[in-house]
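Hi there,

Here is the structure I promised to pass on. Have a look at it first, and then read on for what I found.

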2 protein chains.
Amino acid sequence: MEVASEVFRRQGYTGTSIDRLAESMRISKPSLYGTYGDKAQLYLMALEAFADRIGRMAEEALNQEGGLEAAICRYLGCVLEVYFEGGDQGSGCLVMSTAATEAPSQPAVQKFLAEVLARADEVVARRIQRERGDGRGAPSQSDMALARVVTGILVSLSTRARAGESREELQKIVESTAKLICAGY
Amino acid sequence: MEVASEVFRRQGYTGTSIDRLAESMRISKPSLYGTYGDKAQLYLMALEAFADRIGRMAEEALNQEGGLEAAICRYLGCVLEVYFEGGDQGSGCLVMSTAATEAPSQPAVQKFLAEVLARADEVVARRIQRERGDGRGAPSQSDMALARVVTGILVSLSTRARAGESREELQKIVESTAKLICAGY
């Protein structure tokens, strides 16, 4: 599934042919259809596998010991790590940067994209809430409002990576976002 | 060109056929090729026309009289206006939500996407700088660092609109971003 994710991440859903997938996954077309159904089903499975992987890593980074600013830096830093897998040319996020193109025409993709965004918002909101529970700050905005800004930056880092911005440039955005969230908080 | 932009915005670059474009633009395929070259050239022209239109409107909204928080609200609010053209189902941004998919495989698209992001960063950074010139705040972060967060939110609003989030929900993100930028400032 990781191979399929990589092909879709590079070329998008529509730009990826079944031939190309079968070749990259080193299976025949009939057994691809037999195992995964059609291209749309395989794409959804690839989205799920990618989202699970990056979600698990990022959530773990977010919830390590330490204050909120460092936690957000680790969280978005871990995301950047995945966006820049395989070299200096950032390939970004399979979900954020290819599913958004497909969403208006594929209801299942739209639903999945909405769920991933909501889950990301939720995970960050819980972490911010925990910081408040520790009495480390007075709320200037709701946990969820701040979390939705953090997720927004996560989305945009994928777009910027695919536009060719360097990892160093994006790391600066990670740091200024963490600082901003904690200053407004 | 607006018709072509709409077709590409709905279906993405790869998902749009020349037949569909010719039909929507009400011209024959030969005259489409004759006037615009191939699909890739037409897509770039559509990206340019879209970016010009939204850029001009948003920049004007940003630079009206008033303080920075209201200016950022107007700026991102104007962007939302365009993202929700044509109804409750947000169609987002042609540039942010379809060009990112194409960028890794089409160098001209990648270059254009990078330019649009850089221009957006620049326009917002200048507006923040002007606020500082007016003596309305002490810098906690550089103009450009704050501007790049604002552009990030602009990008993510397109993704969220295409994921089916409502305009009201996205309007709240606009307001919390403006508040956050000014609190951190």
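**Helix packing and the chain contact**

Let me start inside chain A, where A:Val95, A:Ala99, A:Ala100 and A:Glu102 of α6(A) meet A:Val109, A:Phe112, A:Leu113 and A:Val116 of α7(A). Sorted by class, this contact between α6(A) and α7(A) has 7 nonpolar residues, no polar ones and 1 charged residue. The axes of α6(A) and α7(A) lie 9 Å apart, and the two helices pack at an angle of about 140°. The crossing of α6(A) past α7(A) is left-handed. Please keep in mind that this is a predicted model.

Now to the two chains. Their contact draws 41 residues from chain A and 41 residues from chain B. On the side of chain A that touches chain B, at least two residues each come from α1 (2-11), α6 (94-102), α7 (107-133), α8 (143-162) and α9 (167-183). Which helix gives the most to that side? It is α8(A), with 11 residues. By class, the side of chain A that touches chain B has 15 nonpolar, 20 polar and 6 charged residues.

Best wishes

Conventions. Residues are numbered from 1 along each chain as its sequence is written. Chains are lettered from A and ligands numbered from 1 in the order in which they are written. This is a predicted model: local features need pLDDT of at least 70, side-chain atom pairs count only at pLDDT 80 or more; totals for chains, interfaces and linings use all residues. Two residues are in contact if their C-beta atoms, placed from the backbone, lie within 7 Å. Helices (H or I, at least four residues) and strands (E, at least two) are DSSP runs, numbered from the N terminus. Ala, Val, Leu, Ile, Met, Phe, Trp, Tyr, Cys and Pro count as nonpolar, Asp, Glu, Lys and Arg as charged, and the others, Gly among them, as polar. Axes are lines fitted to C-alpha atoms, for helices over the stretch in contact, and angles run from 0 to 180 degrees between N-to-C directions. A crossing is left-handed if the near helix is turned anticlockwise from the far one by less than a right angle, and right-handed if clockwise.
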